[in-house]
Amino acid sequence: MENSDRNDADRHTHSSPIRRVTTRSVQEMKKQGKRISCLTAYDALIARILDEAGIDVILVGDSLGNIVQGHETTIPVTLDDIIYHTKAVVRGVQRALVIADMPFMSYQVSPEEAFRNAGRLMKEAGASAVKIEGGHRVCEAVRRMTEAGIPVMAHLGLTPQSINQFGSYRPRGQNQQEAEEMLKDAKELEKAGAFALVLEKIPMNLAQEITKSLTIPTIGIGAGPHCDGQILVYTDMIGLTIDFSPRFVRRYDNLHQRVNDSVSRYIQDIQSGHFPNQSESY
Ligand code: KIV
């Protein structure tokens, strides 16, 4: 197969070709008015399930600091952590676009360092794009990466890596000054080359205005229905996490309870001698 064929994003399996989602195809979806579905994942098993279900984009978010590592914030997550989890996710995926989150202090020091670290996420971990938090301050880094062929998803609104600066997870962009700055940042990020923009926890009217002002897709989380796509942390969406219930999370299952019930029954079966039975033995 020629390189150009591979770049065409067709992957042939036994029966039918699977057309990979690319940064270009999510931009095309905005043009066609098709909503983009996104979730986080941190391992191959879950990534495979999301991919088989037809999710468009999988983000290896630094939320893994909270979800997988048990930290209070995303601040302790390292570049090596993201590389490790991205490698696993990439192994589980055939179709979805896999984006690796750049963790705290992997892009703030200088555009050069951001560029080098983003390169590791692409080359070592196999990500197809990276995500960084921030507005005009990260535009130079976005420009450098984009020019070198590293697609960047930007992230405005509530940016959890700035928790120590803001002191709370309150919604952003609620006053006129913050809203105007965010709109300006969004336009600058688009100009710098970002291929998409996450909008987290902002008023839906502001998200609508930003979405209308940009040609690149916006992906909302707590930003209302007018964004071009939506993202949630997958453990919130399936009800595995129960101690985090902002209004923007819709729970499609209650897996925390269901796993708890299964484990309780398993324990009972062991204690009562009902597991394993004859047909489960050799
Ligand atoms: O880290 C993460 O999971 C994120 C999404 C919630 C957008 O940044």
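At what angle do α6 and α7 pack, and how far apart are their axes?

Modeller: This is a predicted model, in which local features need pLDDT of at least 70 and side-chain atom pairs count only at pLDDT 80 or more, while totals for chains, interfaces and linings use all residues. Residues are numbered from 1 along each chain as its sequence is written, and side-chain values use heavy atoms, with hydrogens and water left out.

Helices α6 and α7 pack at an angle of about 45 degrees, and their axes lie 9 Å apart; the axes are lines fitted to C-alpha atoms, for helices over the stretch in contact, and the angles run from 0 to 180 degrees between N-to-C directions. That makes α6 oblique to α7, given that angles under 35 degrees count as roughly parallel, over 145 as roughly antiparallel, 65 to 115 as roughly perpendicular and the rest as oblique. The helices (H or I, at least four residues) and strands (E, at least two) are DSSP runs, numbered from the N terminus.

The crossing of α6 with α7 is right-handed, a term for the near helix being turned clockwise from the far one by less than a right angle, with anticlockwise called left-handed. On the α6 side P111, E112, A114, F115 and A118 take part, and they meet E140, A141, R144 and M145 of α7, contact being heavy atoms within 4.5 Å. Sorted by class, this contact holds six nonpolar, no polar and three charged residues, where Ala, Val, Leu, Ile, Met, Phe, Trp, Tyr, Cys and Pro count as nonpolar, Asp, Glu, Lys and Arg as charged, and the others, Gly among them, as polar.

Helix α6, residues 111–123, also lies across β5 (97–101) and β6 (129–133), running at about 140 degrees to β6. In the loop between β5 and α6 sits M105, whose phi is near 70 degrees, a positive value in a residue other than glycine. Most residues other than glycine have a negative phi, and most peptide bonds are trans.

Both β5 and β6 belong to a barrel that eight strands close in the order β3-β4-β5-β6-β7-β8-β9-β10, with parallel pairing; two strands pair if DSSP finds at least two bridges between them. From one strand to the next, the twist averages 25 degrees.

The crossing of α3 past α5 is right-handed, and A44, A47, R48 and D51 in α3 meet A88, V89 and G92 in α5.

Finally, in the segment after α12 (255–272) lies P276, which a cis peptide bond with an omega of about -5 degrees joins to F275.
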